[in-house]
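Morning, everyone. Please have the screen in view, and we will walk through one chain.

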Amino acid sequence: MRALVLKDELANKHLSHIYSTNTIRTMSTAEPLSRAKKIKIESYADIDSLIQLIRSVKGNVLVVGHSNTVDDIVNKLCGKKKIAADLKDSEYDNLFVIKFRGKKNRFTQHKYGYPSNP
């Protein structure tokens, strides 16, 4: 259900790439949006190669990650600590947005769909 809500949340965003680890959960999260936008899901194996990919492409990207890697991805993209630690395993409603303007970036955190811990 949350994957469908994410698809609706990002329906009007101009995405050019969708990245996911090669696990059932993350691929299942990305799949409805991938199908709706006709964007292939690209797998990534490690964070450093993902960071290089993101920095080399133009356009907006979606990264579907894990509770123990999202903080590392966000912090490396931002160049400083924006997320203090791993996310809780029970949190599924976070949407982190990083906007780049030249060498500067702006980080925001949003919630989407039903709260993970109502």
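I will go through the cores, then a ring pair, then the surface.

First, the ground rules. This is a predicted model, where local features need pLDDT of at least 70, side-chain atom pairs count only at pLDDT 80 or more, and totals for chains, interfaces and linings use all residues. Residues are numbered from 1 along each chain as its sequence is written, and side-chain values use heavy atoms, with hydrogens and water left out.

Start inside. In soluble globular proteins, nonpolar side chains tend to be buried together. A nonpolar core here is a set of buried Ala, Val, Leu, Ile, Met, Phe, Trp, Tyr and Cys residues joined through side-chain atoms within 4.5 Å. Buried is under 20% relative accessible area, exposed over 50%, partly exposed in between, with a 1.4 Å probe and protein chains only.

The largest nonpolar core has 16 residues. Ile73, Val74, Ile83, Phe96 and Phe107 have the most contacts inside it. At least two residues each come from helix H3 (47-56), helix H4 (70-78) and strand E4 (94-101). Those labels are DSSP runs, numbered from the N terminus: helices are H or I, at least four residues, and strands are E, at least two. H4 gives the largest share, five residues.

Which residues does Val74 touch, leaving aside neighbours within four places in sequence? Lys82, Ile83, Phe96, Ile98 and Phe107. Contact means heavy atoms within 4.5 Å.

Now the rings. Rings of Phe, Tyr and Trp (its six-membered ring) pair if their centres lie within 6.5 Å; planes under 30 degrees apart are stacked, over 60 edge-to-face, the rest tilted. The count is one aromatic pair. Phe96 and Phe107 form it, stacked, at 6.0 Å centre to centre and 20° between the planes. Phe96 is in strand E4 and Phe107 in strand E5, so the pair ties together parts eleven residues apart in sequence. Phe96 counts as buried because its relative accessibility is 17%. Phe107 is buried too, at 19%.

Next, Tyr114. Tyr114 sits in the segment after strand E5 (104-111). Buried or exposed? Tyr114 counts as exposed, because its relative accessibility is 55%.

Last stop, Lys38. Lys38 lies in the loop between helix H2 (24-37) and strand E2 (41-43). Its phi is near 60°, a positive value in a residue other than glycine. Lys38 counts as exposed, at 76% relative accessibility.
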